[in-house]
Amino acid sequence: MDPAELTGTVLRTVRSAAVGEFGAPVPARVVVERPRPGGSGDYATNAALQLAHAAGRDPLDVAALLRDRLAVQPGIAAVTVTGPGFLNITLLREGDPVEDALARGESFGHGDFLRGRSFRLVADEHPRALVLADSLRRLLLAAGASLGEQGDLVRVTGVAAPTGAGIGAGAGRGLGELPPDVLRWAFLRAPARQRPRLAPELLLRREANPLFRIQYAHSRTTALARAAAQLRIDTRVGTRADGPPAVPPAAPVRHTRSDGVLLAAIGELPAVVETAARRRAPDRLARHLDVLAGAFLGAEAAHPALPSGEEEPTAVHRARLRRAAAAGVALRNGLALLGIRAPRHL
């Protein structure tokens, strides 16, 4: 689906809702554009806000209705609502992101879009600059670029960050005493030109803390794999060395909306890595990992991958276990590009 086709799909959906649900004036046009900073997916639209204003309704209610109608349209993988009612749309891509992630393993998310380019990274001595430079090095190499003294100059500077005062008052820690993963996350999560926020919440072991949520989501994917092995649920697809298929081919499994959101988040990783490398913006990858972790945890809460009680494992369980494994690959690779651990136990 190209942008013109997507715009037409959004406009038809909005017009149908305007007439059938709200009795509101039919809009003449809608705007579909690339997501702005903080957004997600391939495209975004303010069509729900536009329709809500015309209908005198709550924008989030209108956005939820349009989300559900758009999510089932051909060519659309997932639709999420952000902010006051923006719709973020992810398009279906050729191929299967789960199979791609599982087949490529540690190289999933990497590409060759900067192959043939060489860069020279120069960072000042500010701690944040050194962290940014290290992550940019990882991203550029993952994008197929090379690093050397003769490459295009990329100068990395650190925006002045709070020292111990910002977090020490609440947690008794100074900047140098923060755990390495926490410090890197704080430095990388904020866009390069913004001051990173060093707050006691960074140390909380709760899902409300984005770094903990991401690391917890990864550890949960490994826990599911261990449990599946203990239950002798074979999630492999293909032919074993001794001949018979590891898992007999099954009819395609119907995806729920939460499954679709997770599939879209897994499939978006290569494009996010490309954008982060091209724009020298590790914060884009950090934000996407938060989205991916939320999508995985949401899908698992809505539809657990493991059978319950005496229930026999089905093709649906196997498919969800494979999706969980693919999410683990994507989370692990993304964290590696940020230089942050992906713990198996948490």
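**Legends to close-up views of the predicted model**

**View 1. Confidence along the protein chain.** The mean pLDDT of the protein chain is 84, and 87% of its residues reach 70 or more; pLDDT is the predictor's confidence in each residue, from 0 to 100. Over residues 162-173 the pLDDT is below 50, and this stretch has 24 contacts in the model beyond near neighbours in sequence (contact: heavy atoms within 4.5 Å). Residues 238-252 also have a pLDDT below 50, with 14 contacts beyond near neighbours in sequence. This is a predicted model, in which local features need pLDDT of at least 70 and side-chain atom pairs count only at pLDDT 80 or more, while totals for chains, interfaces and linings use all residues. Residues are numbered from 1 along each chain as its sequence is written, and side-chain values use heavy atoms, with hydrogens and water left out.

**View 2. Overall organisation of the protein chain.** Eleven helices and seven strands make up the secondary structure (DSSP runs numbered from the N terminus: helices are H or I, at least four residues; strands are E, at least two). Of the 346 residues, 43% count as buried; buried means under 20% relative accessible area, exposed over 50% and partly exposed in between, with a 1.4 Å probe and protein chains only. Among contacts with a separation of 6 or more, 69% join residues 24 or more positions apart. The chain exposes about 17,300 Å², of which carbon and sulfur atoms supply 52% (Shrake-Rupley method, 1.4 Å probe; for residues, only the protein chains shown count as cover).

View 3. The structure holds one aromatic pair. Phe212 and Tyr216 form this pair, which is stacked, at 6.1 Å centre to centre and 10° between the planes. Rings of Phe, Tyr and Trp (its six-membered ring) pair if their centres lie within 6.5 Å; planes under 30 degrees apart count as stacked, over 60 as edge-to-face and the rest as tilted. Both residues lie in helix α8 (residues 210-230), four residues apart, about one turn of the helix. Phe212 counts as buried because its relative accessibility is 14%, whereas Tyr216, at 27%, counts as partly exposed.

**View 4. Positive phi at Arg232.** Arg232 is not a glycine, yet has a positive phi of about 60°. The loop between α8 and α9 (257-278) holds Arg232. With a relative accessible area of 79%, Arg232 is exposed.

**View 5. Positive phi at Arg280.** Arg280, a residue other than glycine, has a positive phi near 55°. Arg280 is placed in the loop between α9 and α10 (282-302). Its relative accessible area is 27%, so Arg280 is partly exposed.
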